[in-house]
Amino acid sequence: MMYVTPNEEKALRECYRKLYKASTPPADFDELLKNATTNENGKKVIDYNAYEICEYEFSEIMSDVIKQYKIRSHRQDLFKNTIQLGCSPKFKKTEEK
């Protein structure tokens with residue numbers, strides 16, 4: 001896990017809120033976190049595989065949050081990786097032609 005500034009912590013939370021609100025089925029991230037179980041390491045466990053989001057929408061939300069919270073350019077890849085490797089909703093399967 002990366003070291004995060006207080007602003008980045010707010011941005012991470014906001015990003016998860018928006019991702020889960022846009023997911024199928026939509027969910028309130030704060031409620032998911034509140035009702036999550038805790039694992040043996042003391043970490044909250046959210047069943048993120050129960051939620052899906054379009055990859056394009058995922059990228060758009062992440063980009064908007066990065067701009068809104070003015071995440072510095074040298075920290076943006078770390079921010080994106082933290083979201084993607086965290087408890088974000090899974091991508092919807094795209095139909096193959």
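Me: What share of the 97 residues is buried?
Reply: Buried residues make up 33% of the 97 in the protein. Buried means under 20% relative accessible area, exposed means over 50%, and partly exposed is in between, with a 1.4 Å probe and protein chains only. This is a predicted model, where local features need pLDDT of at least 70, side-chain atom pairs count only at pLDDT 80 or more, and totals for chains, interfaces and linings use all residues. Residues are numbered from 1 along each chain as its sequence is written, and side-chain values use heavy atoms, with hydrogens and water left out.

Me: How many helices and strands are there?
Reply: The protein has four helices and four strands. Along the sequence the pattern reads α-α-β-β-β-α-α-β. Both are DSSP runs numbered from the N terminus: helices are H or I with at least four residues, strands are E with at least two.

Me: And the radius of gyration? What does the globule rule give?
Reply: The radius of gyration is 14 Å, close to the 13 Å that the rule gives for 97 residues, so the protein is as compact as a globular protein of that length. The radius is taken over C-alpha atoms, and the rule is 2.2 Å times the number of residues to the power 0.38. Along the principal axes, the C-alpha atoms fill a box of roughly 40 × 35 × 20 Å.

Me: What share of contacts comes from residues 24 or more positions apart?
Reply: Such pairs account for 69% of the contacts with a separation of 6 or more. Contact means heavy atoms within 4.5 Å.

Me: Switching to α1. What span should its 16 residues have?
Reply: Helix α1 covers residues 6–21 and should span 22 Å at 1.5 Å a residue; its end C-alpha atoms are 23 Å apart, which agrees. The expected span is 1.5 Å times one less than the number of residues.

Me: Which α1 residues are buried?
Reply: Glu 8, Ala 11, Leu 12, Glu 14, Cys 15, Tyr 16, Leu 19 and Tyr 20. Their cover includes α2 (29–35), β3 (52–53), α3 (55–68) and α4 (76–85).

Me: Take Tyr 20. What is its relative accessibility?
Reply: Tyr 20 is at 0%, so it counts as buried. Beyond four places in sequence, its contacts include Pro 25, Phe 29, Ile 46, Tyr 48 and Cys 87. Tyr 20 and Gln 84 are 64 residues apart along the chain, with 13 Å between their C-alpha atoms.

Me: You mentioned Pro 25. Where is it?
Reply: Pro 25 is in the loop between α1 and α2. A cis peptide bond joins Thr 24 and Pro 25, with omega about -10°.

Me: Now Lys 70. What is its phi?
Reply: Positive, about 50°, although Lys 70 is not a glycine. Lys 70 sits in the loop between α3 and α4. Its relative accessible area is 71%, so Lys 70 is exposed.

Me: And Ile 71, buried or exposed?
Reply: Ile 71 counts as buried, at 5% relative accessibility. Ile 71 also lies in the loop between α3 and α4. Leaving out residues up to four places away, Ile 71 touches Asn 7, Glu 8, Ala 11, Ile 66, Gln 76 and Phe 79. Ile 71 and Ala 11 are 60 residues apart in sequence, but 8.4 Å apart in space, C-alpha to C-alpha.

Me: Last one: how many positive and negative side chains?
Reply: There are 17 positive and 16 negative, and the centres of the two sets lie 5 Å apart. Lys and Arg count as positive, Asp and Glu as negative; His and the chain ends are not counted. Each charge is placed at NZ of Lys, CZ of Arg, CG of Asp or CD of Glu.
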